[in-house]
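Good morning, colleagues. Please look at the sequence and the model on the screen, and I shall then take you through the backbone, the overall fold and the pockets.

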Amino acid sequence: MFWNELEGAYLFNKVFSKPISIDKVDLFSVKIERDGPSVLIEFDLLEALPDNPLPRWQSNYNKCRCGLICAGVKTMQISGIATNMEVDVSIQDNSKLIMKGLGFSLELECIYMHLSGPSVYLIGQ
């Protein structure tokens, strides 16, 4: 499965000319809201940068941040936390999300998933 195939990937598809597989990401945050209930997950893609950037983006960036909005969450299990969380990602039937990494695990089932972003930024220079 590819990030490009998820609902809400309009901007993603404008800035990436090729499909980007759902694989390993650098997990930044997980925000749980009882309204919905919903979960907002923010992460950086590890091995992909936009190859067709928007004109307003500077050409000087080395990170690409995306988000995943999971609405109508039915079940969720989460354990572990760290300051650096590279996790493997799996999405099944656009309703089940599994993220697993060293000392971290998140599994949830929801009614609806929506990709947000991407945005880009520069770090470490």
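Asparagine 94 is partly exposed in this predicted model, with a relative accessible area of 26%. That value falls between the cut-offs of 20% for buried and 50% for exposed, which is why the residue is placed in the middle class. Asparagine 94 sits in the loop between β5 and β6. Its backbone deserves attention as well: phi is positive, at about 55 degrees, although asparagine 94 is not a glycine.

Is aspartate 93 buried or exposed? Aspartate 93 is exposed, its relative accessible area being 74%.

Let me stay with the backbone and turn to the peptide bonds. Which residues does a cis peptide bond with omega of about -25 degrees join? The bond in question links glycine 36 to proline 37. Proline 37 is located in the loop between β1 and β2, where β2 covers residues 38-45. A further cis peptide bond leads from glycine 117 to proline 118, with omega near 15 degrees. Proline 118 lies within a strand, namely β8, which comprises residues 112-121.

I now move to the fold as a whole. The protein contains 1 helix and 8 strands. In sequence order the pattern reads α-β-β-β-β-β-β-β-β. The radius of gyration is 14 Å, close to the 14 Å that the globule rule gives for 125 residues, so the protein is as compact as a globular protein of that length. The C-alpha trace extends over about 40 × 30 × 25 Å along its principal axes.

As for burial, 38% of the 125 residues count as buried. The protein exposes about 7,400 Å², and carbon and sulfur atoms supply 49% of that area. Turning to contacts between residues at least 6 apart in sequence, 61% of them join residues at least 24 apart.

What is the volume of the largest pocket? The largest pocket has a volume of about 250 Å³. It is lined by 17 residues, of which Asp26, Leu27, Phe28, Ser29 and Thr83 are the closest to its centre. Strand β1, residues 24-33, and strand β3, residues 63-71, each contribute at least two residues to this lining. The largest share, 5 residues, comes from β1. By class, the lining of the largest pocket consists of 9 nonpolar, 4 polar and 4 charged residues.

The second largest pocket holds about 170 Å³ of space. Its lining is formed by Trp3, Ile20, Ser21, Asp23, Lys24, Val25, Leu45, Leu46, Glu47 and Ala48. How many residues of each class does this lining have? The lining of the second largest pocket has 6 nonpolar, 1 polar and 3 charged residues.

The loop between β5 and β6 holds asparagine 94, with its positive phi of about 55 degrees, and the loop between β1 and β2 holds proline 37, which glycine 36 joins through a cis peptide bond. Thank you for your attention.

Terms used: Residues numbered from 1 in each chain as written. Predicted model: local features only at pLDDT ≥ 70, side-chain atom pairs only at ≥ 80, totals over all residues. Heavy atoms only, no water. 1 Å grid on protein atoms, 1.4 Å probe; cavity = no way out; pocket = protein on both sides within 12 Å on 5 of 7 lines; lining within 4 Å. Points joined across faces, edges and corners; volume = space filled by probe spheres on them. Helix = DSSP H or I, 4+ residues; strand = E, 2+ residues; numbered from the N terminus. Nonpolar A, V, L, I, M, F, W, Y, C, P; charged D, E, K, R; others polar. Rg over C-alpha atoms; globule rule 2.2 N^0.38 Å. Buried < 20%, exposed > 50% of the residue type's maximum accessible area, 1.4 Å probe, protein only. Contact = heavy atoms within 4.5 Å. Areas by Shrake-Rupley, 256 points an atom, 1.4 Å probe, with all protein chains shown as cover.
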